Amino acid sequence: MFELTDKVALVTGAGSGIGKAVALTFAKQGAQVQVLDLNQEQALQTVSEIEHAGGKATAHVCDVTNHQQVIQVFESIGTINILVNSAGISHIGRVDTTSEQDFDRVYQVNVKGVYNCLFAAIPVMRANGGGAILNMGSIAAVIGLPDRFAYSMSKGAVQAMTMSVAKDYIHDNIRCNSISPARVHTPFVDGFLAKNYPGQEQEMFDKLSKTQPIGRMAKPDEISKLILYLCSDEASFITGNDYPIDGGFIKLNN
Ligand SMILES: NC(=O)c1ccc[n+]([C@@H]2O[C@H](COP(=O)([O-])OP(=O)(O)OC[C@H]3O[C@@H](n4cnc5c(N)ncnc54)[C@H](O)[C@@H]3O)[C@@H](O)[C@H]2O)c1
(Lines give C-alpha, C1' and ligand atoms only; values in the text may rest on other atoms or scores of the structure.)
Protein backbone atom coordinates (compact mmCIF):
# COMPACT_ATOMS: atom_id res chain seq x y z
CA MET A 1 0.00 0.00 0.00
CA PHE A 2 1.00 3.62 -0.62
CA GLU A 3 3.86 2.66 -2.94
CA LEU A 4 5.27 5.59 -4.89
CA THR A 5 7.90 3.64 -6.83
CA ASP A 6 8.72 5.29 -10.18
CA LYS A 7 6.64 8.36 -9.33
CA VAL A 8 8.21 11.81 -9.56
CA ALA A 9 7.00 13.97 -6.68
CA LEU A 10 7.71 17.69 -6.48
CA VAL A 11 7.40 19.17 -2.99
CA THR A 12 7.64 22.94 -2.48
CA GLY A 13 8.97 24.19 0.83
CA ALA A 14 10.66 20.81 1.24
CA GLY A 15 13.62 22.36 3.04
CA SER A 16 11.74 22.58 6.34
CA GLY A 17 8.82 21.48 8.45
CA ILE A 18 5.87 19.72 6.81
CA GLY A 19 7.36 19.86 3.29
CA LYS A 20 10.53 18.21 4.52
CA ALA A 21 8.58 15.48 6.34
CA VAL A 22 6.60 14.87 3.12
CA ALA A 23 9.81 14.64 1.08
CA LEU A 24 11.30 12.10 3.51
CA THR A 25 8.08 10.04 3.66
CA PHE A 26 7.62 10.02 -0.13
CA ALA A 27 11.26 8.98 -0.67
CA LYS A 28 10.81 6.12 1.78
CA GLN A 29 7.86 4.95 -0.35
CA GLY A 30 10.06 4.92 -3.46
CA ALA A 31 9.33 8.30 -5.07
CA GLN A 32 11.96 10.36 -6.87
CA VAL A 33 11.57 13.53 -4.86
CA GLN A 34 12.12 16.98 -6.35
CA VAL A 35 12.94 19.15 -3.35
CA LEU A 36 12.04 22.77 -4.12
CA ASP A 37 12.85 25.55 -1.68
CA LEU A 38 14.01 29.16 -1.51
CA ASN A 39 16.67 28.15 0.98
CA GLN A 40 19.49 26.27 -0.76
CA GLU A 41 21.17 25.00 2.40
CA GLN A 42 17.93 23.50 3.71
CA ALA A 43 17.01 22.00 0.33
CA LEU A 44 20.41 20.31 0.11
CA GLN A 45 20.05 19.07 3.70
CA THR A 46 16.72 17.38 2.84
CA VAL A 47 18.29 15.77 -0.25
CA SER A 48 21.26 14.58 1.78
CA GLU A 49 18.98 12.99 4.43
CA ILE A 50 16.97 11.23 1.70
CA GLU A 51 20.09 9.93 -0.03
CA HIS A 52 21.59 8.84 3.28
CA ALA A 53 18.47 6.71 3.85
CA GLY A 54 18.85 5.15 0.37
CA GLY A 55 16.26 7.30 -1.45
CA LYS A 56 16.34 9.48 -4.56
CA ALA A 57 16.07 13.27 -4.50
CA THR A 58 17.15 16.40 -6.38
CA ALA A 59 17.30 19.93 -4.99
CA HIS A 60 15.92 22.97 -6.82
CA VAL A 61 16.47 26.43 -5.43
CA CYS A 62 13.43 28.39 -6.52
CA ASP A 63 11.24 31.22 -5.30
CA VAL A 64 7.62 30.16 -5.78
CA THR A 65 6.60 33.82 -6.17
CA ASN A 66 8.64 34.04 -9.40
CA HIS A 67 6.44 32.89 -12.29
CA GLN A 68 9.24 32.39 -14.85
CA GLN A 69 11.57 30.67 -12.39
CA VAL A 70 8.84 28.21 -11.40
CA ILE A 71 8.05 27.40 -15.05
CA GLN A 72 11.75 26.83 -15.80
CA VAL A 73 12.21 24.47 -12.86
CA PHE A 74 9.07 22.45 -13.67
CA GLU A 75 10.03 22.20 -17.35
CA SER A 76 13.56 21.10 -16.43
CA ILE A 77 12.12 18.21 -14.40
CA GLY A 78 9.92 17.05 -17.30
CA THR A 79 7.72 14.41 -15.67
CA ILE A 80 5.81 15.28 -12.51
CA ASN A 81 3.28 12.78 -11.14
CA ILE A 82 2.68 14.41 -7.74
CA LEU A 83 2.80 18.06 -6.64
CA VAL A 84 2.67 19.09 -2.99
CA ASN A 85 2.42 22.85 -2.43
CA SER A 86 3.78 23.31 1.08
CA ALA A 87 5.88 26.50 0.78
CA GLY A 88 4.20 29.17 2.86
CA ILE A 89 4.72 31.98 5.34
CA SER A 90 2.86 33.07 8.44
CA HIS A 91 1.62 36.46 9.52
CA ILE A 92 0.10 37.78 12.73
CA GLY A 93 -2.30 40.69 12.64
CA ARG A 94 -5.86 41.98 12.37
CA VAL A 95 -6.95 43.90 9.29
CA ASP A 96 -6.08 47.24 10.89
CA THR A 97 -2.62 46.05 11.94
CA THR A 98 -1.74 44.36 8.63
CA SER A 99 0.33 46.67 6.46
CA GLU A 100 -0.21 46.72 2.73
CA GLN A 101 3.34 45.42 2.32
CA ASP A 102 2.71 42.46 4.65
CA PHE A 103 -0.62 41.69 2.97
CA ASP A 104 1.07 41.66 -0.45
CA ARG A 105 3.91 39.43 0.77
CA VAL A 106 1.52 36.82 2.25
CA TYR A 107 -0.49 36.92 -0.98
CA GLN A 108 2.64 36.55 -3.12
CA VAL A 109 3.93 33.44 -1.33
CA ASN A 110 0.80 31.67 -0.10
CA VAL A 111 -1.57 32.44 -2.99
CA LYS A 112 0.44 33.42 -6.08
CA GLY A 113 3.11 30.85 -5.23
CA VAL A 114 0.48 28.09 -5.30
CA TYR A 115 -0.98 29.51 -8.53
CA ASN A 116 2.49 29.58 -10.14
CA CYS A 117 3.13 25.93 -9.26
CA LEU A 118 -0.34 24.83 -10.42
CA PHE A 119 0.13 26.79 -13.66
CA ALA A 120 3.44 25.06 -14.32
CA ALA A 121 2.36 21.58 -13.21
CA ILE A 122 -0.93 21.16 -15.06
CA PRO A 123 0.48 21.03 -18.63
CA VAL A 124 3.17 18.58 -17.50
CA MET A 125 0.63 16.35 -15.73
CA ARG A 126 -1.81 16.45 -18.66
CA ALA A 127 1.01 15.42 -21.00
CA ASN A 128 1.83 12.52 -18.66
CA GLY A 129 -1.75 11.27 -18.47
CA GLY A 130 -2.63 12.63 -15.02
CA GLY A 131 -1.37 13.29 -11.53
CA ALA A 132 -2.16 14.15 -7.92
CA ILE A 133 -1.94 17.59 -6.33
CA LEU A 134 -2.04 18.42 -2.65
CA ASN A 135 -2.26 22.01 -1.45
CA MET A 136 -1.49 23.02 2.11
CA GLY A 137 -4.48 24.78 3.60
CA SER A 138 -5.07 25.51 7.26
CA ILE A 139 -7.85 25.56 9.82
CA ALA A 140 -7.49 29.35 9.40
CA ALA A 141 -9.47 29.03 6.15
CA VAL A 142 -12.63 27.89 7.92
CA ILE A 143 -12.36 29.13 11.52
CA GLY A 144 -12.28 32.73 12.73
CA LEU A 145 -8.83 32.69 14.33
CA PRO A 146 -7.70 35.82 16.17
CA ASP A 147 -4.93 37.90 14.57
CA ARG A 148 -4.64 35.91 11.35
CA PHE A 149 -6.27 38.25 8.82
CA ALA A 150 -3.81 37.96 5.90
CA TYR A 151 -2.94 34.35 6.61
CA SER A 152 -6.63 33.32 6.72
CA MET A 153 -7.23 35.16 3.44
CA SER A 154 -4.41 33.21 1.83
CA LYS A 155 -5.59 29.80 3.05
CA GLY A 156 -9.18 30.51 1.99
CA ALA A 157 -7.79 31.17 -1.49
CA VAL A 158 -5.87 27.88 -1.37
CA GLN A 159 -9.07 25.95 -0.65
CA ALA A 160 -10.91 27.74 -3.47
CA MET A 161 -8.07 27.12 -5.95
CA THR A 162 -8.08 23.45 -4.94
CA MET A 163 -11.75 22.99 -5.86
CA SER A 164 -11.40 24.96 -9.09
CA VAL A 165 -8.44 22.88 -10.30
CA ALA A 166 -10.09 19.62 -9.22
CA LYS A 167 -13.16 20.52 -11.29
CA ASP A 168 -11.35 21.75 -14.39
CA TYR A 169 -8.99 18.78 -14.79
CA ILE A 170 -11.08 15.91 -13.49
CA HIS A 171 -11.23 14.39 -16.98
CA ASP A 172 -7.48 14.75 -17.37
CA ASN A 173 -7.06 12.25 -14.54
CA ILE A 174 -5.67 14.95 -12.25
CA ARG A 175 -6.86 14.83 -8.65
CA CYS A 176 -6.50 17.91 -6.45
CA ASN A 177 -7.11 18.11 -2.70
CA SER A 178 -6.06 20.23 0.24
CA ILE A 179 -5.51 19.55 3.90
CA SER A 180 -6.15 21.85 6.83
CA PRO A 181 -3.84 21.25 9.75
CA ALA A 182 -4.21 22.94 13.12
CA ARG A 183 -0.86 23.84 14.72
CA VAL A 184 2.07 21.69 13.72
CA HIS A 185 5.34 22.02 15.59
CA THR A 186 7.73 23.20 12.87
CA PRO A 187 10.25 26.06 12.50
CA PHE A 188 7.25 28.03 11.07
CA VAL A 189 5.67 28.02 14.56
CA ASP A 190 8.97 28.63 16.40
CA GLY A 191 9.71 31.50 13.97
CA PHE A 192 6.45 33.33 14.52
CA LEU A 193 6.62 32.85 18.30
CA ALA A 194 10.14 34.31 18.37
CA LYS A 195 9.10 37.21 16.11
CA ASN A 196 5.74 38.04 17.62
CA TYR A 197 6.07 37.01 21.28
CA PRO A 198 9.74 37.60 22.22
CA GLY A 199 10.42 36.49 25.80
CA GLN A 200 7.05 34.70 26.01
CA GLU A 201 7.82 31.91 23.54
CA GLN A 202 7.32 28.98 25.96
CA GLU A 203 4.16 30.49 27.49
CA MET A 204 2.67 31.03 24.02
CA PHE A 205 3.82 27.59 22.84
CA ASP A 206 1.94 25.97 25.76
CA LYS A 207 -1.12 28.13 25.11
CA LEU A 208 -1.18 27.27 21.41
CA SER A 209 -0.62 23.58 22.17
CA LYS A 210 -3.74 23.53 24.38
CA THR A 211 -5.93 25.07 21.68
CA GLN A 212 -5.96 21.60 20.11
CA PRO A 213 -8.41 19.56 22.24
CA ILE A 214 -5.98 16.65 21.92
CA GLY A 215 -3.61 18.78 24.05
CA ARG A 216 -0.60 19.24 21.78
CA MET A 217 0.56 20.36 18.36
CA ALA A 218 0.88 17.84 15.52
CA LYS A 219 4.25 16.47 14.46
CA PRO A 220 5.21 17.10 10.80
CA ASP A 221 5.48 13.35 10.27
CA GLU A 222 1.81 12.87 11.27
CA ILE A 223 0.80 15.39 8.60
CA SER A 224 2.97 13.70 5.98
CA LYS A 225 1.07 10.41 6.40
CA LEU A 226 -2.27 11.98 5.39
CA ILE A 227 -0.56 13.66 2.44
CA LEU A 228 0.97 10.33 1.43
CA TYR A 229 -2.46 8.73 1.40
CA LEU A 230 -4.09 11.56 -0.60
CA CYS A 231 -1.29 11.54 -3.20
CA SER A 232 -1.15 7.76 -3.54
CA ASP A 233 -3.11 5.62 -6.00
CA GLU A 234 -5.07 4.27 -2.99
CA ALA A 235 -6.88 7.65 -2.89
CA SER A 236 -7.97 7.36 -6.53
CA PHE A 237 -11.63 8.27 -5.75
CA ILE A 238 -10.76 11.42 -3.77
CA THR A 239 -10.69 14.83 -5.42
CA GLY A 240 -11.89 18.39 -4.80
CA ASN A 241 -11.89 18.08 -1.04
CA ASP A 242 -10.24 19.52 2.03
CA TYR A 243 -9.23 17.30 4.92
CA PRO A 244 -8.84 18.73 8.43
CA ILE A 245 -6.03 17.17 10.49
CA ASP A 246 -6.42 19.14 13.64
CA GLY A 247 -6.42 17.23 16.95
CA GLY A 248 -10.13 18.05 17.26
CA PHE A 249 -9.70 21.81 16.76
CA ILE A 250 -12.64 22.43 14.41
CA LYS A 251 -15.29 20.08 15.84
CA LEU A 252 -14.37 19.60 19.52
CA ASN A 253 -13.45 23.12 20.71
CA ASN A 254 -16.59 23.92 22.67
N1 LIG B 1 3.11 24.72 11.08
C2 LIG B 1 1.81 24.89 11.22
O3 LIG B 1 1.28 25.02 12.35
C4 LIG B 1 0.92 24.91 10.02
C5 LIG B 1 -0.47 24.74 10.21
C6 LIG B 1 -1.32 24.76 9.09
C7 LIG B 1 -0.79 24.96 7.84
N8 LIG B 1 0.57 25.15 7.69
C9 LIG B 1 1.06 25.36 6.34
O10 LIG B 1 1.97 24.33 6.01
C11 LIG B 1 2.94 24.83 5.10
C12 LIG B 1 4.34 24.50 5.61
O13 LIG B 1 4.50 25.06 6.88
P14 LIG B 1 5.71 24.62 7.81
O15 LIG B 1 5.20 24.74 9.21
O16 LIG B 1 6.31 23.37 7.35
O17 LIG B 1 6.70 25.88 7.53
P18 LIG B 1 8.29 26.00 7.54
O19 LIG B 1 8.58 27.45 7.74
O20 LIG B 1 8.91 25.01 8.48
O21 LIG B 1 8.68 25.60 6.04
C22 LIG B 1 8.28 26.38 4.96
C23 LIG B 1 9.33 26.23 3.87
O24 LIG B 1 8.88 27.01 2.75
C25 LIG B 1 10.00 27.68 2.21
N26 LIG B 1 9.57 28.89 1.52
C27 LIG B 1 9.05 30.01 2.06
N28 LIG B 1 8.85 30.93 1.11
C29 LIG B 1 9.21 30.36 -0.06
C30 LIG B 1 9.24 30.81 -1.40
N31 LIG B 1 8.86 32.05 -1.72
N32 LIG B 1 9.67 29.98 -2.36
C33 LIG B 1 10.08 28.72 -2.06
N34 LIG B 1 10.10 28.24 -0.80
C35 LIG B 1 9.67 29.06 0.19
C36 LIG B 1 10.88 28.01 3.40
O37 LIG B 1 12.24 28.24 2.99
C38 LIG B 1 10.71 26.76 4.25
O39 LIG B 1 11.71 25.80 3.95
C40 LIG B 1 2.68 26.33 4.95
O41 LIG B 1 1.94 26.53 3.76
C42 LIG B 1 1.83 26.66 6.16
O43 LIG B 1 0.99 27.74 5.93
C44 LIG B 1 1.43 25.12 8.74
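Author: Helices and strands here are DSSP runs, numbered from the N terminus. The model is a predicted one.

Reader: Thanks! In which segment is the place of F2?

Author: Phi of F2 is near 60°, a positive value in a residue other than glycine. Most residues other than glycine have a negative phi. As for its place, F2 sits in the segment before strand 1 (8-12).

Reader: And does N173 count as buried, exposed or partly exposed, and why?

Author: N173 lies in the loop between helix 5 (149-168) and strand 6 (174-181). A residue is buried with 20 or more other C-beta atoms within 10 Å of its own, and exposed with 12 or fewer. N173 has 14 C-beta neighbours inside 10 Å, so this residue counts as partly exposed.

Reader: Which residue of strand 5 does I82 stand opposite?

Author: Strand 4 (residues 82-85) and strand 5 pair in the parallel sense over 4 bridges. The chain crosses from strand 4 through helix 4 to strand 5 in a right-handed β-α-β crossover. In strand 5, the residue opposite I82 is A132.

Reader: Last one: how many residues around the ligand are charged?

Author: The ligand is surrounded by 29 residues. Its shell divides into 12 nonpolar and 14 polar residues, and the charged ones number 3.

Terms used. Residues numbered from 1 in each chain as written. Predicted model: local features only at pLDDT ≥ 70, side-chain atom pairs only at ≥ 80, totals over all residues. Near = placed C-beta within 6 Å. Nonpolar A, V, L, I, M, F, W, Y, C, P; charged D, E, K, R; others polar. Helix = DSSP H or I, 4+ residues; strand = E, 2+ residues; numbered from the N terminus. Pairing = 2+ DSSP bridges. Right-handed = clockwise from strand over helix to strand, strands pointing away.
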